[in-house]
Amino acid sequence: MDSQHWTSSFDTRSSERRAGDVEVIAAYLHKWRCLDSLSNSLLRRLASAAYLEDLDDGVTLYRQGDRGTNWYFILSGEVVMTTCSDRSNNKDASSGFHHHSSNNGPSPSSSSSSCSPLTAAATYSRRLLGRGSWFGDSVLDDSPRDATASTRGPCKLLRVEQRDFRSLWQKHQDELIQLSGNTGSPSSPSSASPANHRKHSHHHHHNHQLPQPPTQQQQQQLHHQGGKRQGQRHHSTGGMSSRQGSQENNNSANNGRSSSTSGGLGIPSRDPPVVGDANVNCAKSPTTSPQRQERNPSVVSTTLAADGGVLTASGNGRSNPSPPSNAQQSAASTNAGQPSTGPTGPNSNSQIAPLNLSPSERAMMMGKVLKTLIMAASSASPASALIRDRKVPGRGTVRHCLVGTEMVDWLLGLSPEVHSRAQASAMWQVLLDEQVILALSKEHQFKDKFVFYRFHEDAEGRGDGPAGRKPGQDAVRDAQQKKDEVISTLTQLAPDAVLKAILRKPTHDRSPDDLEIIYEELVHIRALSHLSTTVKRELANIIVFESHPRAETVLFNQGDEGVSWYVILKGSVNVVIHGKGVVTTLQDGDDFGQLALINNAPRAATIITREDGCQFLRVDKDDFNRILRDVEANTVRLKEHGRDVLVLEKVSANPSAAHRHSASSHYKYTVMAGMPQKMLEHLLETRLDARHLSVRDEDIIRPYSSATDMFLDDFLLTHIMFMPTHQLITELMRNYRIESPTQDKEFVVASKSRVVNFVYQWVTSIRDPVFDETITHSFFEQLHSEVHADARLYHTLREEAAMLDHVQELLGEYRAARQQGGSLATLTWTLPAGGQSVVLFSAVNAAATAAAGNRKGSGESNAASAFSAEKRRPIRADDDIIFRVYCADHTYCTLRQPVNATAETIKLNAADKLGLRHEELVLAEIKSNGEKSVIADTEVSIATCLSINGRIFVSPKDHLDAMTVLPDQEGPSDGTCNELEMFSTRELAYYITLIDWDLFCSVHEYELLYHVAGAQPFRKIKSNLDLFLRRFNEIQYWVVTEICLANTLGKRVQLLRKFIKLAAYCKEFQNLNAFFALVMGLSNVAVSRLTQTWERLPSKLRKMFTEFDGLIEPSRNHRAYRIAVGKLQPPILPFMPLLLKDMTFTHEGNRTLLDSAGLINFEKMHMLAQTMRTLRYCRSRQLLLQPPTPRSEQEVRNYIRNLRVIDNQRILTGLSQRLEPKRA
């Protein structure tokens, strides 16, 4: 048989193997003598599930204490099973491995001897398995591995994953037991459980004698010799092997790829482990998890070779003896005063240990409230009480227990805010994480099942005290008052608790829904923003949660080998360098250790937790490297003239099906990078035809959804970054005119159809910006003419001709709108001198006329007409704007310039009007706080991007320091509290939302690109986005200004109530932009320090504000806000600064060009387009709000449009301190 044939069949994932692959593998297995006795049924099932592992000497398959994920069968070679047992307990570990009776030679006795003085309490026992043996059946009952398995010499193994082996065992249990030989197989079915089978099995092995560990005297001599090598850096040689991942972890994450070469898919891990450098104040244990063995101070172990040397990994991958160094001796005596070190790993204590040392005060309060309500409700019927004494299997009667299902049922009935069992379970999970409730099973995940729980004080034996008796009336009344607050807080904390519970699961137990939740979290972690979507989805499979309850815990030491990358979820760490001390502190969202995933350099610093309860996401090196290898294996590179022109990635068309290894899942190719022309060709060939158009506006889906192929939409939204319009239309016409005698008719027609479909999608998706490029007009006309001519030759192009007719109609409408009096005709805007926002010049005149009419008594109709005159339309590049430019002596001139006029043009025109010489002039913005910002000559839309009270100055370059703030830039001196109280809060929120919606709908998706990449290269404006961002700042500082200008305590309390209620209404109207602005204004230090004012606020409003403040909490990249907005349906006014932050991280964290030849990083374009699609989604439905009862409609509108604010924080803080001086 052709070896390439069966190798490729083995390399196929088990879920994707066809009948032909199974036949090829079965034929290959049939040739092995040790498998002769298998039935055809079992052989075929092995062929469909097994992977072939071709390994070199010294590869560790798994380690003692690991959770198993694979079962193994030895086809050739030998495997050493090493068990480390505690002699003080006099226990023998069962190794769970079996040998085929056909092996030659008597089985040797296992070698067992005491370890070195460093591990005097432990004994190593070794056994050797040969051809025909199988091991690893602990996967049947999820018990830990009871021995460390490593290869001795080259080996060929069959590997079967846990899920598949369980299926094999159910159907072929007797045959598999028989395969292990007549060696004490269970005599009855009842005794054939996995645990019993491993316990009672006997083991036969080849007659190979393993080296005996040296005596204590020999070890002392070796230690003496090692002292001569005190300066050697063993952490970079022998120490390396002790920290490297086991082969099983590599295989379990490999999803079906067989391995070859030394170490399989990972760096070979040598058995046994070796103690590291003396600088590392930690030691290694053979039972420590393979990925994180560098940090367990409780046990130090060394395993010695036959000649007494320590086994180390040399450059050729063989085990070389080396004397132990003084580092190995000193590591045993770790200083008790040193920071504690926490063991971590895929199934380590850091994952299952409590997240906190003790419950927080807030958590204890919430637990007390819920327990009081439970006991109050149970007092009438003690027999059906939730908290009662129960008989627990194996533990007898346990006092004061609850059951998971009953707890969920009770919480569902407690409040209408609890909508589902999943939500209720997540709320209990919060209290379980905080140790307010404890599981009798010690599990960290709350289960809506017949599982027993107890409250914290009951578990500590205080249940018979006051906490265990019926609560008094005062306690019940207090709990009823706090109930809504507790439910609200638990609802906010529940999603985070669910995420942590999922992350703490063993990686192989994560469901497709779990993986999607993890992926959504990874999308918003800035430390991962540079990674592709595929890599993030793969990380969801292997990333693990690590927590350290105590401060001063060492994560790793300077000089350690780097094996993991960390992202801080909660807490902070100190970065310590020898000789320098703490050099920096890292906080939530920061990451460290990333270089360890790229090279093998030692750790450059020591990382120590700064506070209790630190939590991390951890990516281990071997897992990350495997992901990169898998991505590369699924990457297709198309080359021309020896260089890449298109890079594609094979991905599942249905990611959830891929996670389930569904046999029905199919694949597609996504573009990772490419030359612009090649990406366009690929797009036309694979995503477009007349019968299946891609995403249109009416097919809007949620951002970050993977349900639809977004390649076409990504290209349309971002092509201006890498393929300007003039280049795009040239390529489109070339692809349309592809006709040649060598091409068949069907191909020619399909090519023409695809181009027309692309053009139609382009025009309908992007709208006016396409027509704003006048070069496109002649292109559309030419294409329209050619399509109609071709439609007479090819009747199948008639539908495409109709599409081009529609495009021509849209072009005609655009041209008509651009004419005088049309909706897109050139308008004139003005920037008022008083610091208000930009408005239409005609609207100013109309408002003045309306005000005059009001004085004459004819007001309401004129006012209404004034507002209709103010109805916004997006600012266009060729519109005019009127604004002032000042000199250093505060004289000014008034200019009327196009919005897209450059700073240089404005500077020269202002100089002419002010009589300044042109030499060495600068244009600058002077902000209200005196900060000066020089404006580059190439900048455009200058007047619309000023800060709230900013002014434009022109000055000689050497006189820049002479420019001072204008008096009116300081803002108002009197508040408008009396005027504000005339308006109802709902009315204010309604008109704020209408105005904000008007501004939001004026922002085109392209303006986000102009903002993050700079408008100058595109020669475009972003004025509408600038005004929307300015509006956010206006509302924020309006809140602070009004409160700080209120001279009496009563007025300030009144304003606080008003603004909190206003924020509540904006939240109800889904105006999250204004909601954030209002809450951030209330959180401003000038307001938050007014303790006397806040103390007078009713407790209900204080609680409401606390809830709002939690929603804008920026930790975890605004996770609370992202969860909340993810539950909303459009129309939505999103928090725009966060969208721009996401765009900026993507743009600055990812290169646009991957090489000097012009290969475009399209993964970056996809991530940018995801954020841009958010705008489209949020406004995919019209804003329809129920108008409030009209009382002072026009006055409210005029007030909201002309807010006067102080934006100088120094002035605001000074006003605040005068209102409430600091207490002594």
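Analyst: The crossing of α20 and α21 is left-handed, meaning that the near helix is turned anticlockwise from the far one by less than a right angle. This is a predicted model, where local features need pLDDT of at least 70, side-chain atom pairs count only at pLDDT 80 or more, and totals for chains, interfaces and linings use all residues. Residues are numbered from 1 along each chain as its sequence is written, and side-chain values use heavy atoms, without hydrogens and water.

Helix α20 covers residues 676-687 and helix α21 residues 711-722. Helices (H or I, at least four residues) and strands (E, at least two) are DSSP runs, numbered from the N terminus. The two axes come within 12 Å and cross at roughly 160 degrees. Axes are lines fitted to C-alpha atoms, for helices over the stretch in contact, and angles run from 0 to 180 degrees between N-to-C directions. α20 and α21 are therefore roughly antiparallel (over 145 degrees).

In α20, the contact (heavy atoms within 4.5 Å) includes Met679, Leu680 and Leu683. Phe711, Leu712, Phe715 and Phe722 meet them from α21.

α20 also packs on a sheet, touching β23, β24, β25 and β33. This open sheet has 4 strands in the order β23-β24-β25-β33, with antiparallel pairing. Strands pair if DSSP finds at least two bridges between them. β23 (635-640) and β33 (1160-1161) stand at the edges with a single partner strand each, so one side of each lacks a neighbour in the sheet. β23 pairs with β24 (residues 643-652) over 6 bridges.

Note on methods. Angles under 35 degrees count as roughly parallel, over 145 as roughly antiparallel, 65 to 115 as roughly perpendicular and the rest as oblique.
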